[in-house]
Amino acid sequence: MIQLNNIEKVYRTDTIETQALNNISLHVQKGEFLSIMGPSGCGKSTLLNLMGLLDVPSKGDILIDQQVTQNMADTKMARFRNSRIGFIFQSYHLINDLQVLDNVELPLLYRKSTAKERRELATEALVKVGLGNRIKHFPTQLSGGQRQRVAIARAIVGRPQIILADEPTGNLDSAMGDEIMNILLDLNKTDGTTIVMVTHDANMAERTHRLVRLFDGSQVQ
Amino acid sequence: MIKHLFKLIWNKKKENFLLISEILISFLVIFAVFSSITYNYLNYREPAGFKYDDVWMADLGSPVQGENKDSVMLVFANLKNALKGMPKVRDVSLSSNNVPFSSSMMGSGVEYGHVNIQSDMYRVDKDFAKVLQMKMQSGRWFNETDRNPVYLPVVLNAAAAMALTGSANAVGKLVKMEHQTLRVIGVADNLKDKSDFKTTSPGIYTLIDTSSIRGINTMLIKVSANADARFEDQMYRLIAGTTRAHNLQVAHLSEMRTKKNKEIIVPMVILLIISGFLIFNVALGLFGVLWYNISKRRSEIGLRRALGATAAGVSGQLLGEALVLATFSLIIGSFFAVQFPLLHVYDLPAGVYMIALLLSVLFIYLLVIVCALYPGKQAAAIHPAVALHED
Ligand SMILES: Nc1ncnc2c1ncn2[C@@H]1O[C@H](COP(=O)(O)OP(=O)(O)OP(=O)(O)O)[C@@H](O)[C@H]1O
Ligand SMILES: [Mg+2]
């Protein structure tokens, strides 16, 4: 489903050059639930961004569903992101000027859909993450954990084939974290959604199919 | 998507208030400018109704001295004959001094039935229409048969006829002016004789006779196209000799017209320059705010890109937001603008306001589009990962 071949990512600023990823090759199978662990700054988010086509590698290539993503035209790339990938960001990235429901509807706004459909799907996703009673709130009126759940609802609302989750339970207590984990496991099992999840929690990682460990930009396991 | 933009802007109404009021103010200024341009332009497009080329005005400066009215009449009759005898003179007419493009005005109340209007009044002779090549709409101009009529004959201009008798033909109707009853013998085309940019007000022409000859000291002279300065000099000496006028002045109607037009054009240009500066400032402000908006919203833009917005979609959204903002301003602005024709604030036709309103709305949208174009393009270039990384 996701295939990385000899990926390198170098960040260049005026003063320094950071080798964020170094020769990563990885194949995520369709329907697989993969977790990534590693110390802070080792390149986990960078790897996830590359998989989600939010960034381009400095070297190597990325295939999604057997399609080469290098040099993909902007509109095609946008459609790809929209229809196939659901992203859960480490720091939520909600739009504070929009109500929870409108935030969750966002991915649907960029594809063919009616207002009614959007409303129904977004409400359904919010109910799934236990926020059915908060749809008219603004993000700033929610707790950190609640915001994380809105971000999860937004990632699953478009029923993507792939979910890329960057520490989705990092801000939640263990009970809530478990609940989110159950949602992801359920999506993986019943819908066959391919999931790649970054986590610091070994217990969470244990419940997934496979674990990849990163250290200093390189794959160690 | 539009609904989404409205929501987004509505939720940020406090931040957008300044921009909305800025656009609103520039809209109102533009509306004023366009109203004035439209009004002047529509007037400019009206036909002049007469020919001013090669028409000279001779202003004697003071009334002709004479023992009695008849001798004054005689002086003028002789002068007209002498002038007509000159090779380059086509026609000559006496006139009250409110000739075209002069600064003189003369007016009187005119009554027909219950209708009472204020009208310009012109004292002229039977050759006046020929000198200016006026056209009649109905009836006739003065001629020899108007010597001793029962009612003094008058000619109305079209504006006066419309004001007095409406759509009914005014010819043959009796009107009252200064306690006299007068018979309308003809209706002439409107003369745009104040300036190219002024509409014609109602006007009434009466024939100069012994009762009014004392006040007459102006003549209009139609000359041939090859009349030059040397000829003007000859003519000057002839008129001065015949009338013994001390302050005789000869002027060309075409030059007087240019001067009159400047009285409208100059303030208009000044207004345009001032409002141009104002609009430029507003455009800069608009540009700045949109620009600032984008730098402030980089992570939002990155997020939208990550969720599937195309680059074109993102710049389209920013443009859309700017247009929605402008629409808010224009709705409020139009509400104010339509008060002008509704309350008759100025005496301009409602059509002028409507045209100006339309033009102003288009102008503002255009301005907003131009100002949003570059920031929008800038936004499209934002890479989602970089933008999301920042906050
Ligand atoms: N846009 C960027 N410009 C420059 N350097 C960057 C950029 N993004 C990431 N880096 C660097 O790349 C390295 C990997 O960063 P990344 O965010 O992938 O780490 P991470 O494993 O997700 O860490 P954490 O667990 O703290 O989220 C870090 O050293 C970071 O400083
Ligand atoms: Mg990270």
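Here is a short walk through a few spots in this structure, taken one at a time.

Keep in mind that this is a predicted model, where local features need pLDDT of at least 70, side-chain atom pairs count only at pLDDT 80 or more, and totals for chains, interfaces and linings use all residues. Residues are numbered from 1 along each chain as its sequence is written, chains are lettered from A and ligands numbered from 1 in the order in which they are written, and side-chain values use heavy atoms, with hydrogens and water left out.

Let's start with strand β1 of chain B, residues 55-59. Helices (H or I, at least four residues) and strands (E, at least two) are DSSP runs, numbered from the N terminus. Four of the five residues of β1(B) are buried, so the strand is largely enclosed by the rest of the structure. Buried here means under 20% relative accessible area, exposed means over 50%, and partly exposed is in between (1.4 Å probe, protein chains only). β1(B) runs antiparallel to β10(B), residues 218-223, with five bridges joining them; strands count as paired if DSSP finds at least two bridges between them. In this pairing B:Trp56 sits opposite B:Ile221. β1(B) also pairs with β11(B), residues 249-252, again in the antiparallel sense, over four bridges, and there B:Asp59 faces B:Gln249.

Next, look at two helices of chain B, α9 (residues 311-337) and α11 (residues 350-380), whose axes come within 8 Å and cross at roughly 155 degrees. Axes are lines fitted to C-alpha atoms, for helices over the stretch in contact, and angles run from 0 to 180 degrees between N-to-C directions. Contact means heavy atoms within 4.5 Å.

Now step to B:Arg304, which belongs to helix α8 of chain B, residues 298-306. B:Arg304 counts as buried, at 1% relative accessibility. Leaving aside neighbours within four places in sequence, its contacts include A:Ile95 and A:Tyr110 from chain A, and B:His4 and B:Gln317 from chain B.

Most residues other than glycine have a negative phi. B:Phe101, not a glycine, has a positive phi of about 65 degrees; B:Phe101 is in the loop between β2 and β3 of chain B and is buried, at 3% relative accessibility.
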